[in-house]
Amino acid sequence: MFCRVFAFLFVSFAASQIPVPGRPTGFTLQQGSPIVLEAYYDLLCPYSKSSWPILQKLMEQYQKETTVILHLFPLPYHHDAFFATVAAEAVIANHSSVYKDFVSLMFEHQDEMKSGAVNMTESQVKNHIANIVASGNLGVTDKEILAGFESDAVTEAAVLAWKSASQRTIYGTPQFVVNGFIVPEAGNFDYQDWVKFIASLLQKL
């Protein structure tokens, strides 16, 4: 199962010009060959949260065979998911080595974010996210996250990540692109499904 974005949102972005970013969108968690697996997650999506441990296990199992790239795609009906994505870009900008731990931390606090932050003001939400990150022993301070929220470059990186995913017709989370092709059914894969799928790709070599 996965969370879907509203299809009409693609119309306006398809008609507008998207600036090319200075670096590729997404964050490379692991580099291997020959398989390139791109995962699209929303940090407030429960199905993305369920998929995350499976993805980490696959990375351990296929460390040499796979490049794994994580893209964040905040869905519009997940309150404050975009702010969580901006925080992620701030972590990439300042402490990229702890990015995977940041993602795990945000998933650990997902229920809290989905319930407690709904009635907060924008400023309160930003402070709440900054406090979560600072409390995670990642070496990232709340001031760095708050500075990221005020940074045009960091915010633009989060916006371009969303637009890039939309341009690729990503419509929900978790969603996966393998070797350049969207695999719609992969959003429902368990670990054994992934093992069979990857084995079938390796057999083609």
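**Figure 1. Overview of the chain.** Residues 24 or more positions apart account for 79% of the chain's contacts with a separation of 6 or more; a contact means heavy atoms within 4.5 Å. This is a predicted model, in which local features need pLDDT of at least 70, side-chain atom pairs count only at pLDDT 80 or more, and totals for chains, interfaces and linings use all residues. Residues are numbered from 1 along each chain as its sequence is written, and side-chain values use heavy atoms, with hydrogens and water left out. The chain has nine helices and seven strands. Helices (H or I, at least four residues) and strands (E, at least two) are DSSP runs, numbered from the N terminus. Of the 205 residues in the chain, 48% are buried. Buried means under 20% relative accessible area, exposed over 50%, and partly exposed in between (1.4 Å probe, protein chains only). The chain exposes about 10100 Å², and carbon and sulfur atoms supply 54% of that area. Accessible areas come from the Shrake-Rupley method with a 1.4 Å probe; for residues, only the protein chains shown count as cover.

**Figure 2. The open sheet of five strands.** The strand order is β2-β4-β3-β6-β7, with mixed pairing. Strands β2 (27–30) and β7 are the edge strands, and each pairs on one side only. Two strands pair if DSSP finds at least two bridges between them. Strands of a sheet pair through backbone hydrogen bonds, either parallel or antiparallel.

**Figure 3. Strand β6 and its two partners.** Strand β6 covers residues 175–178. Gln175 and Val177 point one way, Phe176 and Val178 the other, and all are buried. Strand β3 (residues 35–41) runs antiparallel to β6, and four bridges join them. Here Glu38 stands opposite Val177. Strand β7 (residues 181–182) also pairs with β6 in the antiparallel sense, over two bridges. In that pairing, Val177 stands opposite Ile182. The hairpin of β6 and β7 has two residues between the strands. Asn179 in this hairpin takes a positive phi near 50 degrees.

**Figure 4. Helix α4 and Asp101.** Helix α4 (residues 99–108) is mostly covered, with seven of its 10 residues buried. They are Tyr99, Phe102, Val103, Ser104, Leu105, Met106 and Phe107. At 42% relative accessibility, Asp101 counts as partly exposed. Asp101 and Asn137 are 36 residues apart along the chain, and their C-alpha atoms are separated by 9.6 Å.

**Figure 5. Helix α3 against helix α6.** Two packed helices are described by the angle between their axes and the distance between the axes. The axes of α3 (residues 81–95) and α6 (residues 122–134) come within 10 Å and cross at roughly 45 degrees. That makes α3 oblique to α6. Axes are lines fitted to C-alpha atoms, for helices over the stretch in contact, and angles run from 0 to 180 degrees between N-to-C directions. Angles under 35 degrees count as roughly parallel, over 145 as roughly antiparallel, 65 to 115 as roughly perpendicular and the rest as oblique. The crossing of α3 and α6 is right-handed. A crossing is right-handed if the near helix is turned clockwise from the far one by less than a right angle, and left-handed if anticlockwise. Phe83, Ala84 and Ala87 of α3 meet Glu122, Val125, Lys126 and Ile129 of α6.

**Figure 6. Helix α2 against helix α9.** Helices α2 (residues 46–61) and α9 (residues 191–202) pack at an angle of about 40 degrees, with their axes 10 Å apart. The contact is made by Ile54, Lys57, Leu58 and Gln61 of α2 and Tyr191, Trp194 and Ile198 of α9. The two helices α2 and α9 are therefore oblique to each other.
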